[in-house]
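The chain is shown first.

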Amino acid sequence: MRQWISAGELSKKARVNAFGVDISENMIASARERYPDCTFTVGPCAPLGFENESMDVITVSCAFHHFENPRTFAGECMRVLKSHGKVFIAEPFYSPVVRCLANTLVFPFSNKGDVRVYSQKELRLFFESAGFTGFESYITDTVLFLSAEK
């Protein structure tokens, strides 16, 4: 099994320019405190405030289910990634029954910003539709991991 590491943790071990974006000012403040050598910005996931073909890797850790326009985000990943760039997604994994209940009975009434959790197939389709290839994915007990290449 592969080991996934956040950009912030990677920046502690290697010379990388890591950037983080979150719509929550509190999350950005926490990230700045935890990873002072990284650059963090408060903002939406779409549009991303980066130049075309300016990034090698995009990671999304436990945030995709908050995105109101996941297809738009997948398109933004395609736009900002360099040729052969990769996107890595780590999302909560729920069984089909629990996912259905969460999406229909819990999230519509939640004030925590949860929009929808996706199946492995649904997640892949967002990125496939945007033109990504080279998919790899697996599920652990509670986490769905997906990667794709531009």
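The protein chain carries 16 positive and 17 negative side chains, and the centres of the two sets are 3 Å apart. Lys and Arg are counted as positive, Asp and Glu as negative, without His or the chain ends; each charge is placed at NZ of Lys, CZ of Arg, CG of Asp or CD of Glu.

The model is predicted: local features need pLDDT of at least 70 and side-chain atom pairs pLDDT 80 or more, while totals for chains, interfaces and linings use all residues. Residues are numbered from 1 along each chain as its sequence is written, and side-chain values use heavy atoms, leaving out hydrogens and water.

**Fold and surface**

The secondary structure consists of 5 helices and 6 strands, in the order α-β-α-β-β-α-β-α-α-β-β along the sequence. Helices (H or I, at least four residues) and strands (E, at least two) are DSSP runs numbered from the N terminus. The radius of gyration is 15 Å, close to the 15 Å from the globule rule for 150 residues, so the protein chain is as compact as a globular protein of that length. The radius is taken over C-alpha atoms, and the rule is 2.2 Å times the number of residues to the power 0.38. Along the principal axes, the C-alpha atoms fill a box of roughly 45 × 35 × 30 Å.

Of the contacts (heavy atoms within 4.5 Å) with a separation of 6 or more, 63% join residues 24 or more positions apart. Buried residues make up 33% of the 150 residues; buried means under 20% relative accessible area, exposed over 50%, and partly exposed in between (1.4 Å probe, protein chains only). The protein chain exposes about 9,400 Å², of which carbon and sulfur atoms supply 52%.

**Aromatic pairs**

Rings of Phe, Tyr and Trp (its six-membered ring) pair if their centres lie within 6.5 Å; planes under 30 degrees apart are stacked, over 60 edge-to-face, and the rest tilted. The count comes to 10 aromatic pairs. Two edge-to-face pairs are listed here.

| Pair | Centre to centre | Angle between planes |
|---|---|---|
| F19 and F50 | 5.8 Å | 65° |
| F64 and F73 | 6.1 Å | 70° |

F19 is partly exposed at 42% relative accessibility, and F50 is partly exposed at 24%.

F64 is buried, with a relative accessible area of 0%, and F73 is buried at 3%. Ring pairs link F64 and F73 into a cluster with F67, Y118, F126, F127 and F132.

Key. Accessible areas come from the Shrake-Rupley method with a 1.4 Å probe; for residues, only the protein chains shown count as cover.
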